[in-house]
Amino acid sequence: MQSDKQDMTEAEWQARCDLAALYRITDLFGWTDTIDTHMTVRIPGEPKCFLINNYGDLFDEITASSLVKMDIDGNVYAKDGKFNAAGFTIHSGVYKARPDANCVMHTHTRAGTGVSVLKKGIRPISQDALSVYDDLVYHEYGMPTSQEECDALGVSCQHGNSVVLRNHGLLTVGGTIPGALRRMYMLERACEVEVIARSLDEEAAPIEEDVIRQYGERAKQQRANPEYGMTYWKAALRQIEGKGIDWRQ
């Protein structure tokens with residue numbers, strides 16, 4: 001499945017290139033689940049439309065032209081594009097509820113899914129956790145492809161951008177792709193540290209409440225910057241340069 005560059009705006013093509021790069025970065029970081037999980041970006045100038053992976057493609061196979069364009073009502077603007085039904089439920093629910101959201105990432109990593117089954121979840125025991133702790137939301141497990149789950153997830157994401165999907169995995173929301181990626185990186189790290197800490201036969205060292213509060217205030221200021229995550233995004237782009245087929249096609 002290939003989309004013709006001539007049939008789209010420059011803004012859509014750039015969004016396609018950036019999202020395809022995000023899939024390659026996700027693959028590089030080891031956050032894949034074969035062909036499952038999904039990342040999306042809202043198309044600039046078309047607030048009801050977003051791009052998602054063609055279901056069945058491995059993340060290191062995804063290119064700008066292979067992405068599927070669809071809207072929050074479920075209409076697909078491609079001849080033979082396929083999409084994951086649960087992916088549509090998740091992403092359309094967030095975009096409907098969050099007009100400010102332009103990128104959504106969802107993963108099923110071992111550490112993230114492992115923490116998602118715990119009642120207490122992520123504790124403020126590491127620097128990684130503190131970077132997302134004030135923005136952390138827990139979403140109860142619901143039927144993946146139902147309208148009820150679509151609506152419920154939208155409500156949950158109105159309360160935070162770093163989301164633990166209980167018994168399922170992780171999700172982050174961003175105004176930009178770099179912002180969503182940076183949140184996911186720190187959320188994944190927090191989960192990895194949590195899993196390691198719980199496996200050790202020793203109580204985790206506590207962090208003072210005032211330090212947790214101050215760190216949260218600083219993290220909130222950093223995330224509010226439109227350039228949040230950009231330095232890390234550029235570094236990740238350098239990592240995937242020259243690996244396999246160019247995603248910008």
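Reader: Which residues in helix 2 meet helix 5?
Author: From helix 2 they are Thr89, Ile90, Ser92, Gly93, Val94, Lys96 and Ala97. On the side of helix 5, Gln147, Glu149, Cys150, Leu153 and Gly154 take part. Contact means heavy atoms within 4.5 Å, and helices are DSSP runs (H or I, at least four residues) numbered from the N terminus. This is a predicted model, where local features need pLDDT of at least 70, side-chain atom pairs need 80 or more, and totals for chains, interfaces and linings use all residues. Residues are numbered from 1 along each chain as its sequence is written, and side-chain values use heavy atoms, without hydrogens or water.

Reader: At what angle do the axes of helix 2 and helix 5 cross?
Author: Roughly 45 degrees, and the axes of helix 2 (residues 85–97) and helix 5 (residues 147–156) come within 8 Å. That makes helix 2 oblique to helix 5.

Reader: What about helix 6 and helix 8, at what angle do they pack?
Author: About 90 degrees, with the axes of helix 6 and helix 8 8 Å apart. The two are therefore roughly perpendicular. Angles of 65 to 115 degrees count as that, under 35 as roughly parallel, over 145 as roughly antiparallel, the rest as oblique.

Reader: Which residues make that contact?
Author: Helix 6 brings Ile177, Pro178, Leu181 and Arg182, and helix 8 brings Met230, Tyr232 and Trp233. By class, this contact of helix 6 with helix 8 has 6 nonpolar, no polar and 1 charged residues.

Reader: New topic. What volume does the largest pocket have?
Author: About 280 Å³. Of the 15 residues lining the largest pocket, Arg182, Met186, Gln222, Tyr228 and Tyr232 are the closest to its centre.

Reader: Which helices supply at least two residues each of its lining?
Author: Helix 4 (127–133), helix 6 (177–199), helix 7 (209–224) and helix 8 (230–240). Helix 7 gives the largest share of the pocket lining, 5 residues. The lining of the largest pocket divides into 6 nonpolar, 5 polar and 4 charged residues.

Terms used: Axes fitted to C-alpha atoms, helices over the stretch in contact; angles between N-to-C directions. 1 Å grid on protein atoms, 1.4 Å probe; cavity = no way out; pocket = protein on both sides within 12 Å on 5 of 7 lines; lining within 4 Å. Points joined across faces, edges and corners; volume = space filled by probe spheres on them. Nonpolar A, V, L, I, M, F, W, Y, C, P; charged D, E, K, R; others polar.
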